[in-house]
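Thanks for coming, everyone. I'll take you through one chain today, a piece at a time.

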Amino acid sequence: MPGKLTKKRSTKSGLPAGSLVHIGDKNTQKPKVSILEYGRDSYKEIFPDDLEDYFAKKESSPVTWIDIENIHDIPLMEKIGAHYNIHPLILEDILNTDQRPKIEDMDRYAYIVLRMIGYDPKKNEIMQEQISLILGEGFVISFQEGIEGDAFGSVRQQIKSSKGKIREMGADYLAYALTDAIVDNYFLVTEKIGDRIETVEEELVKNPSQNTLHILHVLKRDMIFLRRAVWPLRDVIAKLEKEPLSLIRESTRLYLRDVYDHTIQVIDTVETFRDMLSGMLDIYLSSISNRLNAVMKTLTIIATIFMPLTFLAGVYGMNFKHFPELSWKLGYPAFWLISALISFIMLAYFRKKKWI
(Lines give C-alpha, C1' and ligand atoms only; values in the text may rest on other atoms or scores of the structure.)
Protein backbone atom coordinates (compact mmCIF):
# COMPACT_ATOMS: atom_id res chain seq x y z
CA MET A 1 0.00 0.00 0.00
CA PRO A 2 1.66 3.27 -1.07
CA GLY A 3 2.08 6.16 1.31
CA LYS A 4 2.04 6.39 5.08
CA LEU A 5 -1.28 6.37 6.88
CA THR A 6 -1.66 9.11 9.45
CA LYS A 7 -4.64 9.86 11.62
CA LYS A 8 -6.15 13.23 10.82
CA ARG A 9 -8.79 14.86 12.98
CA SER A 10 -10.55 18.05 12.05
CA THR A 11 -10.69 20.83 14.60
CA LYS A 12 -14.23 21.70 13.54
CA SER A 13 -16.88 19.06 13.73
CA GLY A 14 -19.56 21.17 12.07
CA LEU A 15 -22.08 20.01 14.69
CA PRO A 16 -24.00 22.27 17.10
CA ALA A 17 -22.63 22.60 20.60
CA GLY A 18 -24.61 22.06 23.77
CA SER A 19 -26.28 18.72 24.21
CA LEU A 20 -24.16 16.72 21.77
CA VAL A 21 -21.44 14.31 22.87
CA HIS A 22 -18.85 12.86 20.50
CA ILE A 23 -18.32 9.33 21.73
CA GLY A 24 -15.15 8.60 19.84
CA ASP A 25 -13.21 11.33 21.63
CA LYS A 26 -13.56 9.46 24.93
CA ASN A 27 -12.11 6.13 23.86
CA THR A 28 -8.48 5.24 24.40
CA GLN A 29 -8.81 1.49 24.93
CA LYS A 30 -7.35 -1.19 22.68
CA PRO A 31 -9.30 -1.87 19.48
CA LYS A 32 -11.59 -4.86 19.61
CA VAL A 33 -11.62 -6.98 16.45
CA SER A 34 -14.27 -9.63 15.89
CA ILE A 35 -14.76 -11.68 12.76
CA LEU A 36 -17.85 -13.60 11.68
CA GLU A 37 -17.58 -16.12 8.87
CA TYR A 38 -20.92 -17.59 7.91
CA GLY A 39 -23.02 -19.17 5.20
CA ARG A 40 -26.33 -20.95 4.91
CA ASP A 41 -25.13 -23.94 6.96
CA SER A 42 -21.95 -22.64 8.58
CA TYR A 43 -21.02 -20.13 11.24
CA LYS A 44 -17.74 -19.24 12.94
CA GLU A 45 -16.85 -16.36 15.26
CA ILE A 46 -13.18 -15.42 15.64
CA PHE A 47 -11.39 -12.92 17.90
CA PRO A 48 -7.89 -12.77 16.38
CA ASP A 49 -4.88 -11.44 18.27
CA ASP A 50 -3.03 -10.85 15.02
CA LEU A 51 -4.82 -10.10 11.77
CA GLU A 52 -1.85 -11.16 9.66
CA ASP A 53 -2.01 -14.68 11.13
CA TYR A 54 -5.77 -14.73 10.50
CA PHE A 55 -5.36 -13.62 6.88
CA ALA A 56 -2.65 -16.23 6.35
CA LYS A 57 -4.82 -19.07 7.68
CA LYS A 58 -8.18 -17.74 6.49
CA GLU A 59 -10.52 -20.31 5.00
CA SER A 60 -13.02 -19.45 2.30
CA SER A 61 -16.57 -18.65 3.41
CA PRO A 62 -19.62 -17.16 1.66
CA VAL A 63 -19.58 -14.01 3.84
CA THR A 64 -16.92 -12.54 6.10
CA TRP A 65 -17.75 -9.72 8.49
CA ILE A 66 -14.84 -7.97 10.21
CA ASP A 67 -15.98 -5.60 12.95
CA ILE A 68 -13.51 -3.17 14.53
CA GLU A 69 -14.37 -1.08 17.59
CA ASN A 70 -12.38 1.88 18.94
CA ILE A 71 -10.46 2.84 15.80
CA HIS A 72 -7.13 4.38 16.71
CA ASP A 73 -4.58 1.69 15.90
CA ILE A 74 -2.75 2.88 12.76
CA PRO A 75 -0.80 -0.39 12.16
CA LEU A 76 -4.04 -2.37 12.38
CA MET A 77 -5.68 -0.10 9.79
CA GLU A 78 -2.65 -0.48 7.52
CA LYS A 79 -2.88 -4.28 7.74
CA ILE A 80 -6.53 -4.22 6.73
CA GLY A 81 -5.84 -1.74 3.95
CA ALA A 82 -2.97 -3.82 2.61
CA HIS A 83 -4.92 -7.09 2.61
CA TYR A 84 -8.06 -5.72 0.96
CA ASN A 85 -6.17 -3.15 -1.15
CA ILE A 86 -8.09 -0.20 0.33
CA HIS A 87 -6.92 3.22 -0.79
CA PRO A 88 -5.00 5.20 1.89
CA LEU A 89 -7.36 8.18 1.49
CA ILE A 90 -10.30 5.93 2.35
CA LEU A 91 -8.49 4.75 5.48
CA GLU A 92 -7.79 8.37 6.45
CA ASP A 93 -11.48 9.16 6.02
CA ILE A 94 -12.29 6.29 8.36
CA LEU A 95 -9.96 7.70 11.01
CA ASN A 96 -11.25 11.24 10.50
CA THR A 97 -14.50 10.80 12.42
CA ASP A 98 -16.11 14.08 11.36
CA GLN A 99 -17.16 12.82 7.94
CA ARG A 100 -20.56 13.59 6.46
CA PRO A 101 -22.67 10.51 5.59
CA LYS A 102 -21.69 9.51 2.06
CA ILE A 103 -20.97 6.60 -0.26
CA GLU A 104 -18.05 6.19 -2.64
CA ASP A 105 -18.01 3.49 -5.32
CA MET A 106 -14.43 2.26 -5.80
CA ASP A 107 -15.41 -0.51 -8.28
CA ARG A 108 -13.90 -3.37 -6.24
CA TYR A 109 -15.52 -2.14 -3.05
CA ALA A 110 -17.86 0.57 -1.77
CA TYR A 111 -17.05 2.91 1.11
CA ILE A 112 -20.08 3.96 3.17
CA VAL A 113 -20.10 6.52 5.99
CA LEU A 114 -23.09 6.60 8.36
CA ARG A 115 -23.95 8.26 11.66
CA MET A 116 -25.04 6.14 14.62
CA ILE A 117 -26.89 8.14 17.28
CA GLY A 118 -27.93 7.28 20.81
CA TYR A 119 -29.65 8.97 23.72
CA ASP A 120 -28.42 9.29 27.29
CA PRO A 121 -31.54 9.70 29.51
CA LYS A 122 -29.49 10.59 32.59
CA LYS A 123 -27.82 13.58 30.95
CA ASN A 124 -30.55 14.22 28.35
CA GLU A 125 -27.89 14.21 25.65
CA ILE A 126 -27.77 12.94 22.11
CA MET A 127 -24.65 10.85 21.53
CA GLN A 128 -23.26 10.23 18.07
CA GLU A 129 -20.47 8.30 16.44
CA GLN A 130 -19.28 7.64 12.93
CA ILE A 131 -19.80 4.19 11.43
CA SER A 132 -17.76 3.31 8.35
CA LEU A 133 -18.51 0.29 6.17
CA ILE A 134 -16.39 -1.29 3.46
CA LEU A 135 -18.55 -3.51 1.24
CA GLY A 136 -16.69 -5.86 -1.06
CA GLU A 137 -17.32 -9.10 -2.87
CA GLY A 138 -18.09 -11.55 -0.09
CA PHE A 139 -16.98 -9.35 2.82
CA VAL A 140 -18.01 -6.38 4.92
CA ILE A 141 -15.68 -4.43 7.22
CA SER A 142 -17.33 -2.19 9.82
CA PHE A 143 -15.48 0.45 11.84
CA GLN A 144 -17.04 1.74 15.07
CA GLU A 145 -15.70 4.52 17.24
CA GLY A 146 -16.76 2.58 20.32
CA ILE A 147 -20.19 3.14 21.81
CA GLU A 148 -21.14 1.52 25.14
CA GLY A 149 -22.36 -1.87 24.04
CA ASP A 150 -22.30 -3.23 20.51
CA ALA A 151 -23.94 -0.97 17.93
CA PHE A 152 -24.65 -4.05 15.81
CA GLY A 153 -25.61 -6.46 18.57
CA SER A 154 -28.99 -7.21 17.00
CA VAL A 155 -27.42 -8.10 13.65
CA ARG A 156 -24.81 -10.26 15.34
CA GLN A 157 -27.55 -12.11 17.20
CA GLN A 158 -29.48 -12.72 13.98
CA ILE A 159 -26.42 -14.32 12.43
CA LYS A 160 -25.73 -16.48 15.48
CA SER A 161 -29.32 -17.68 15.80
CA SER A 162 -29.81 -17.93 12.02
CA LYS A 163 -32.99 -15.84 12.21
CA GLY A 164 -34.38 -14.30 9.06
CA LYS A 165 -32.65 -14.43 5.70
CA ILE A 166 -29.27 -13.06 6.72
CA ARG A 167 -27.51 -16.45 6.68
CA GLU A 168 -28.93 -17.20 3.23
CA MET A 169 -27.95 -13.89 1.63
CA GLY A 170 -24.65 -12.31 0.65
CA ALA A 171 -22.44 -9.50 1.88
CA ASP A 172 -24.69 -6.84 0.35
CA TYR A 173 -27.56 -8.04 2.55
CA LEU A 174 -25.26 -7.81 5.59
CA ALA A 175 -24.48 -4.19 4.65
CA TYR A 176 -28.24 -3.60 4.43
CA ALA A 177 -28.78 -5.17 7.87
CA LEU A 178 -26.11 -2.96 9.45
CA THR A 179 -27.59 0.14 7.80
CA ASP A 180 -31.08 -0.85 8.93
CA ALA A 181 -29.85 -1.22 12.53
CA ILE A 182 -28.47 2.33 12.39
CA VAL A 183 -31.70 3.78 10.96
CA ASP A 184 -33.82 1.92 13.53
CA ASN A 185 -31.83 3.62 16.27
CA TYR A 186 -33.00 7.00 14.94
CA PHE A 187 -36.57 5.96 15.78
CA LEU A 188 -35.57 5.25 19.38
CA VAL A 189 -33.88 8.64 19.73
CA THR A 190 -36.78 10.56 18.16
CA GLU A 191 -39.17 8.75 20.51
CA LYS A 192 -37.13 9.89 23.53
CA ILE A 193 -37.01 13.45 22.20
CA GLY A 194 -40.76 13.34 21.59
CA ASP A 195 -41.30 12.45 25.26
CA ARG A 196 -39.13 15.41 26.30
CA ILE A 197 -41.07 17.74 24.02
CA GLU A 198 -44.36 16.63 25.60
CA THR A 199 -42.96 17.27 29.10
CA VAL A 200 -41.71 20.73 28.12
CA GLU A 201 -45.05 21.49 26.47
CA GLU A 202 -46.92 20.74 29.71
CA GLU A 203 -44.48 22.92 31.66
CA LEU A 204 -44.86 25.65 29.05
CA VAL A 205 -48.63 25.76 29.56
CA LYS A 206 -48.57 25.56 33.36
CA ASN A 207 -45.57 27.59 34.47
CA PRO A 208 -43.00 28.69 31.85
CA SER A 209 -39.64 29.72 33.28
CA GLN A 210 -36.13 30.59 32.17
CA ASN A 211 -35.23 26.90 32.45
CA THR A 212 -38.03 26.12 29.99
CA LEU A 213 -36.47 28.49 27.48
CA HIS A 214 -33.07 26.82 27.97
CA ILE A 215 -34.56 23.36 27.34
CA LEU A 216 -36.29 24.62 24.20
CA HIS A 217 -33.00 25.94 22.81
CA VAL A 218 -31.25 22.64 23.61
CA LEU A 219 -34.01 20.68 21.83
CA LYS A 220 -33.78 22.99 18.81
CA ARG A 221 -30.03 22.33 18.61
CA ASP A 222 -30.74 18.60 18.82
CA MET A 223 -33.16 18.89 15.91
CA ILE A 224 -30.55 20.75 13.86
CA PHE A 225 -28.07 17.95 14.56
CA LEU A 226 -30.57 15.21 13.65
CA ARG A 227 -31.49 17.02 10.46
CA ARG A 228 -27.84 17.30 9.45
CA ALA A 229 -27.36 13.59 10.11
CA VAL A 230 -30.52 12.12 8.56
CA TRP A 231 -30.77 14.13 5.31
CA PRO A 232 -27.42 12.95 3.91
CA LEU A 233 -28.23 9.47 5.26
CA ARG A 234 -31.28 9.49 3.00
CA ASP A 235 -29.08 10.33 0.01
CA VAL A 236 -26.69 7.49 0.85
CA ILE A 237 -29.48 4.90 1.02
CA ALA A 238 -31.09 6.28 -2.14
CA LYS A 239 -27.80 5.82 -3.99
CA LEU A 240 -27.45 2.27 -2.67
CA GLU A 241 -30.96 1.48 -3.81
CA LYS A 242 -31.17 3.20 -7.19
CA GLU A 243 -27.69 3.46 -8.69
CA PRO A 244 -26.33 0.42 -10.55
CA LEU A 245 -23.67 -0.66 -8.06
CA SER A 246 -22.27 -4.04 -9.05
CA LEU A 247 -21.90 -5.09 -5.40
CA ILE A 248 -25.65 -4.67 -4.68
CA ARG A 249 -27.82 -7.46 -6.02
CA GLU A 250 -31.33 -6.78 -7.25
CA SER A 251 -32.82 -8.96 -4.50
CA THR A 252 -31.26 -6.67 -1.85
CA ARG A 253 -32.56 -3.44 -3.37
CA LEU A 254 -36.08 -4.22 -2.19
CA TYR A 255 -34.84 -4.24 1.41
CA LEU A 256 -32.88 -1.03 0.85
CA ARG A 257 -36.11 0.56 -0.40
CA ASP A 258 -37.68 -0.31 2.95
CA VAL A 259 -34.77 1.37 4.80
CA TYR A 260 -35.22 4.41 2.55
CA ASP A 261 -38.88 4.60 3.59
CA HIS A 262 -37.83 4.44 7.24
CA THR A 263 -35.40 7.29 6.65
CA ILE A 264 -38.19 9.39 5.15
CA GLN A 265 -40.29 8.69 8.27
CA VAL A 266 -37.44 9.88 10.48
CA ILE A 267 -37.09 13.04 8.38
CA ASP A 268 -40.83 13.73 8.67
CA THR A 269 -40.64 13.25 12.44
CA VAL A 270 -37.65 15.58 12.75
CA GLU A 271 -39.35 18.27 10.64
CA THR A 272 -42.53 17.93 12.72
CA PHE A 273 -40.54 18.31 15.94
CA ARG A 274 -38.79 21.38 14.54
CA ASP A 275 -42.13 23.01 13.73
CA MET A 276 -43.46 22.10 17.17
CA LEU A 277 -40.43 23.60 18.92
CA SER A 278 -40.71 26.79 16.87
CA GLY A 279 -44.37 27.04 17.86
CA MET A 280 -43.54 26.31 21.50
CA LEU A 281 -40.93 29.08 21.47
CA ASP A 282 -43.58 31.48 20.18
CA ILE A 283 -45.95 30.28 22.91
CA TYR A 284 -43.25 30.87 25.53
CA LEU A 285 -42.66 34.42 24.32
CA SER A 286 -46.41 35.05 24.24
CA SER A 287 -46.84 33.64 27.77
CA ILE A 288 -44.06 35.84 29.12
CA SER A 289 -45.56 38.84 27.32
CA ASN A 290 -49.04 38.05 28.68
CA ARG A 291 -47.66 37.67 32.18
CA LEU A 292 -45.89 41.03 31.90
CA ASN A 293 -49.08 42.62 30.54
CA ALA A 294 -51.05 41.22 33.50
CA VAL A 295 -48.56 42.70 35.96
CA MET A 296 -48.59 46.05 34.18
CA LYS A 297 -52.39 45.97 34.13
CA THR A 298 -52.54 45.41 37.90
CA LEU A 299 -50.03 48.20 38.57
CA THR A 300 -51.91 50.55 36.23
CA ILE A 301 -55.21 49.91 38.03
CA ILE A 302 -53.59 50.54 41.42
CA ALA A 303 -51.94 53.74 40.17
CA THR A 304 -55.23 54.93 38.59
CA ILE A 305 -57.15 54.37 41.83
CA PHE A 306 -54.60 56.30 43.85
CA MET A 307 -54.45 59.25 41.45
CA PRO A 308 -57.61 61.02 42.79
CA LEU A 309 -56.72 60.05 46.35
CA THR A 310 -53.30 61.61 45.89
CA PHE A 311 -54.99 64.71 44.51
CA LEU A 312 -57.23 65.05 47.58
CA ALA A 313 -54.33 64.45 49.94
CA GLY A 314 -52.30 67.07 48.06
CA VAL A 315 -55.06 69.65 48.22
CA TYR A 316 -55.68 69.26 51.94
CA GLY A 317 -51.98 69.09 52.61
CA MET A 318 -51.45 72.70 51.43
CA ASN A 319 -50.33 75.13 54.16
CA PHE A 320 -52.94 77.91 53.85
CA LYS A 321 -54.18 79.58 57.04
CA HIS A 322 -57.77 80.12 55.91
CA PHE A 323 -58.92 76.69 54.79
CA PRO A 324 -62.72 76.11 54.86
CA GLU A 325 -62.66 72.49 56.09
CA LEU A 326 -59.85 72.82 58.63
CA SER A 327 -62.20 73.81 61.43
CA TRP A 328 -64.83 71.21 60.57
CA LYS A 329 -64.97 68.42 63.20
CA LEU A 330 -66.08 65.76 60.68
CA GLY A 331 -63.51 66.80 58.04
CA TYR A 332 -61.09 63.94 58.70
CA PRO A 333 -63.74 61.12 58.61
CA ALA A 334 -65.31 62.81 55.59
CA PHE A 335 -61.98 62.72 53.78
CA TRP A 336 -61.64 58.95 54.26
CA LEU A 337 -65.26 58.38 53.36
CA ILE A 338 -64.88 60.30 50.12
CA SER A 339 -61.61 58.47 49.35
CA ALA A 340 -63.23 55.07 49.93
CA LEU A 341 -66.26 56.05 47.84
CA ILE A 342 -64.04 57.16 44.94
CA SER A 343 -62.06 53.89 45.10
CA PHE A 344 -65.25 51.83 45.14
CA ILE A 345 -66.78 53.70 42.18
CA MET A 346 -63.58 53.29 40.14
CA LEU A 347 -63.32 49.56 40.92
CA ALA A 348 -66.98 49.08 39.93
CA TYR A 349 -66.36 50.96 36.69
CA PHE A 350 -63.28 48.86 35.88
CA ARG A 351 -65.21 45.67 36.53
CA LYS A 352 -68.09 46.82 34.34
CA LYS A 353 -65.61 47.47 31.52
CA LYS A 354 -64.07 44.02 32.21
CA TRP A 355 -60.65 45.51 32.78
CA ILE A 356 -60.33 43.44 35.93
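One cut-off before we start: a residue counts as buried when its relative accessible area is under 20%. Keep in mind, too, that this is a predicted model.

Is Asp93 buried or exposed? Its relative accessibility is 18%, so Asp93 counts as buried. You will find Asp93 in helix 3. What does Asp93 touch, leaving aside residues up to four places away in sequence? The answer is Gln99, Lys102, Glu104, Tyr111 and Gln130.

Now set Asp184 beside that. Asp184 sits in helix 5. Its relative accessible area is 32%, so Asp184 is partly exposed. Asp184 and His262 are 78 residues apart in sequence. In space, their C-alpha atoms are 7.9 Å apart.

Next, confidence. The average pLDDT of the chain is 81. A score of at least 70 is reached by 90% of the residues. Where is confidence lowest, and where is it highest? Strand 1, residues 20-22, is lowest, with a mean of 41. Strand 8 is highest, at 91. Take care with residues 6-28, where the pLDDT is below 50. That stretch still has 60 contacts in the model, beyond near neighbours in sequence.

On to the strands. Start with strand 7, residues 125-136. How many of its twelve residues are buried? Eleven are, so strand 7 is mostly covered.

With strand 6, residues 109-120, the pairing is antiparallel and runs over twelve bridges. One example is Val113, whose bridge partner in strand 7 is Ser132. Strands 6 and 7 make a hairpin, with four residues between them. In that turn, Asn124 has a positive phi of about 55°.

Then comes strand 8, residues 139-144. Strand 7 and strand 8 are also antiparallel, over six bridges. Here Ile131 stands opposite Gln144. Two residues lie between strand 7 and strand 8, and again we have a hairpin. Gly138, in this turn, has a positive phi of about 85°.

An α-helix has 3.6 residues a turn, so residues three or four places apart point the same way. Just past the end of helix 2, Asn85 takes a positive phi of about 55°.

How many cavities of 30 Å³ or more does a search of the whole structure find? One. The largest cavity holds about 40 Å³ of space. Its lining is made of Ile112, Leu135, Asp172, Ala175, Tyr176, Thr179, Leu240, Ile248 and Leu256. Which helix gives the largest share of that lining? Helix 5, residues 171-206, with four residues. By type, the lining has seven nonpolar residues, one polar and one charged.

That's the tour. Over to you.

Definitions and conventions. Residues are numbered from 1 along each chain as its sequence is written. This is a predicted model: local features need pLDDT of at least 70, side-chain atom pairs count only at pLDDT 80 or more; totals for chains, interfaces and linings use all residues. Side-chain values use heavy atoms; hydrogens and water are left out. Buried means under 20% relative accessible area, exposed over 50%, partly exposed in between (1.4 Å probe, protein chains only). Two strands pair if DSSP finds at least two bridges between them. pLDDT is the predictor's confidence in each residue, from 0 to 100. Contact means heavy atoms within 4.5 Å. On a 1 Å grid over the protein atoms alone, a cavity is a set of points where a 1.4 Å probe fits but cannot get out, and a pocket is an open set with protein on both sides within 12 Å along at least five of seven lines; lining residues have an atom within 4 Å of a point. Grid points are joined across faces, edges and corners, and a volume is the space filled by probe spheres set on the points. Ala, Val, Leu, Ile, Met, Phe, Trp, Tyr, Cys and Pro count as nonpolar, Asp, Glu, Lys and Arg as charged, and the others, Gly among them, as polar.
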